[in-house]
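This note sets out a few points on the structure for a reader who is new to the subject. Please keep the sequence and the model in view while reading.

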Amino acid sequence: MSLRDFPAMMTASAAHNQHRMSMSSGSIGSHRAFMGVCVTICTCLVLTLFVGWKWYFESLSSRKLLIDLAKKAEMRAQGLEKMGLSIEAASREPDPPSVLQRIAEPVSTTPSSVTTAKVKINDDGALPAESSIRELPLVETGEDVSQAVALLDKYWKTENWQDKVALVAHSSRVAGLMKDFYEIQKGTDPMPGGLINKARYEIDGVEILYFSYSSSRPNGTLEVAMLRGPDGKFLIDWESLTGYGEMSFRDFREQRQSKPVTLRTYVRLFEYFNFEFSDTAKYLCIKLTSENGESSIYAYCERGTKLANWLERDLSGTGPSGFKGYTVQVSFPPNAQSNQCVRLEKVLAPRWLSLR
């Protein structure tokens, strides 16, 4: 290589280096742009996941709250159905508390006349009278509720039934029923679980404090109605609390009484036709279950009667395993062929609470 070629070589080398530098600068710019796009996409994905998960967990929380509210509403509805009432009726606008009637102690009667003499029935003779109900304001921290809760706590802790007489409404009449229940029928008090609901109602003009507890009873709840006594303090309606009947299911089945007997029972429509009541076209069947769920019988009335039509309407929503609480009169047919099929004489009340 000669000296005269040197300037040309230097010029070529400089051009080559300039080309390399321009390529490197372009590559770095492209790399930075690519990284910027990736960071933007990642940021969007993280924000999307964050918002999505937040919405998901908030949705779960809302669904759980709705489920809990629905369960409480269902338990309240079941409790009202046990008392022969409805959510629609309970939602009516309440009258001022000043119009409420106070309950007075009734004249003492014999156990056999209990409930029947107090219940007003319509012209058909076998149907219960309609009830009116209003839900009243409840002050949970008020003196009435505190007194009632303390009384209930005392009742659950009292072992001797004689000592419980002073804690129940209509004690002068109910004392004889309590003796029959605990000593003759060998009945026991139901035990409450957790408190589900408490409310205040006016039922047929009578003020009621109502408590609902979880329970091992067939409908899963234990309802306690409390009435005002002569001194204005709330007392326990013992008959509806225990599901008292004139006879235990066991004794009624053994003795096969042909005279109408008053029972408090869980009721639902059923399909069992046998013995004197085998004609499915003639009879409507309902299943009666004892207050403790340990015994049951089947009661029948003729289809097409006012009583049968009323039963089909009132029990249409109970389904295959649902229940309602009724106070009924039933009897065995003469020379009964079995100890489990009886005649339904009357529905005294579509609940266990009797105010008439």
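1. The side chain of Arg200 reaches the backbone oxygen of Pro137 at 2.7 Å. It also makes a polar contact with the side chain of Glu207, at 2.7 Å. A polar contact is a pair of N or O atoms within 3.5 Å; within protein, one must be able to donate a hydrogen and the other to accept it, and residues adjacent in sequence count only if both atoms are side-chain atoms.

2. The model is predicted: local features need pLDDT of at least 70, side-chain atom pairs count only at pLDDT 80 or more, and totals for chains, interfaces and linings use all residues. Residues are numbered from 1 along each chain as its sequence is written, and side-chain values use heavy atoms, with hydrogens and water left out.

3. Is Arg200 buried or exposed? Arg200 counts as buried because its relative accessibility is 12%, buried being under 20% relative accessible area (1.4 Å probe, protein chains only). Arg200 is found in strand S2; strands are DSSP runs of E with at least two residues, and helices are runs of H or I with at least four, numbered from the N terminus.

4. Five strands form an open, antiparallel sheet in the order S1-S2-S3-S4-S5. Strands pair if DSSP finds at least two bridges between them. Strand S1 (133-136) and strand S5 (234-236) are the edge strands, each pairing on one side only.

5. Strand S4 (residues 221-228) pairs with S5 in the antiparallel sense over three bridges. Leu227 stands opposite Leu235 in S5.

Technical notes:
Buried < 20%, exposed > 50% of the residue type's maximum accessible area, 1.4 Å probe, protein only.
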